[in-house]
Amino acid sequence: MHVDYKSDWASPGLLLLCLLLLWAAPSFASDCVPIHEAGQYVGEVKCVTGKVLHVKIEDSGIHFVDFCEERKSCPFSVVVFASDLEDVGDVRLLEGQVIEISGAVKLHEGRPQIVLNRIKQLKRGATMIPPLPKNYDVENRGHYSAGHLHPSKKLKKQKTKVSNTATYGNDVEGNEEPE
């Protein structure tokens, strides 16, 4: 008895499928550059990728998304201004995630950075960050503020005067009865 152990890999259809996947793989790959190459694209709109180590919040409410332990020695940074947090969301949740951010690469203090001002600039899992809580106080560096309570003003009731001259129904002059 002879058993043919012909491999499934030898079938022409499967080989063609594998070749197509290998050929198409570069087109599925991201066009993002790693953070250490971002300096080569200053003045251009580019996608930069890296793992967020921490998010630092300054006293002014500016959020810095850091990819290195020390921002000053890092080759790239992302900045979110306090006024843009409503459009971007809670960027503190980016810590520990690998993100892809697209935007204009600009120099700030000699280092390349991208200003994050729209959630659509983020790709690769980071688009799921929730919006800021309604009571998030940017000026108070993330502490929650209930705001100021003011007693409500009571509305003054206006009394309506009943008019003696008003007539309802048919316009009647005098005390005559209708015919």
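**Salt bridges in a predicted model**

Me: Is aspartate 90 buried or exposed, and at what relative accessible area?
Reply: In this predicted model, local features need pLDDT of at least 70, side-chain atom pairs count only at pLDDT 80 or more, and totals for chains, interfaces and linings use all residues. Residues are numbered from 1 along each chain as its sequence is written, and side-chain values use heavy atoms, with hydrogens and water left out. Buried means under 20% relative accessible area, exposed over 50%, and partly exposed in between (1.4 Å probe, protein chains only). Aspartate 90 is therefore buried, at 8%.

Me: Which residue meets aspartate 90 in a salt bridge?
Reply: A salt bridge requires a side-chain nitrogen of Lys or Arg within 4 Å of a carboxyl oxygen of Asp or Glu. The partner's side chain lies 2.7 Å from that of aspartate 90, N to O.

Me: Which residue forms a salt bridge with lysine 56?
Reply: The closest N and O atoms of the pair are 3.3 Å apart. Lysine 56 counts as partly exposed because its relative accessibility is 40%. Its partner is glutamate 58.

Me: How many residues apart are arginine 71 and glutamate 58?
Reply: Arginine 71 forms a salt bridge with glutamate 58, the closest N and O atoms being 3.6 Å apart. Arginine 71 lies in the loop between strand E4 (63-66) and strand E5 (77-80), and glutamate 58 in the loop between strand E3 (54-57) and E4; strands are DSSP runs of at least two E residues, numbered from the N terminus. The separation is 13 residues.

How values were computed:
Helices (H or I, at least four residues) and strands (E, at least two) are DSSP runs, numbered from the N terminus.
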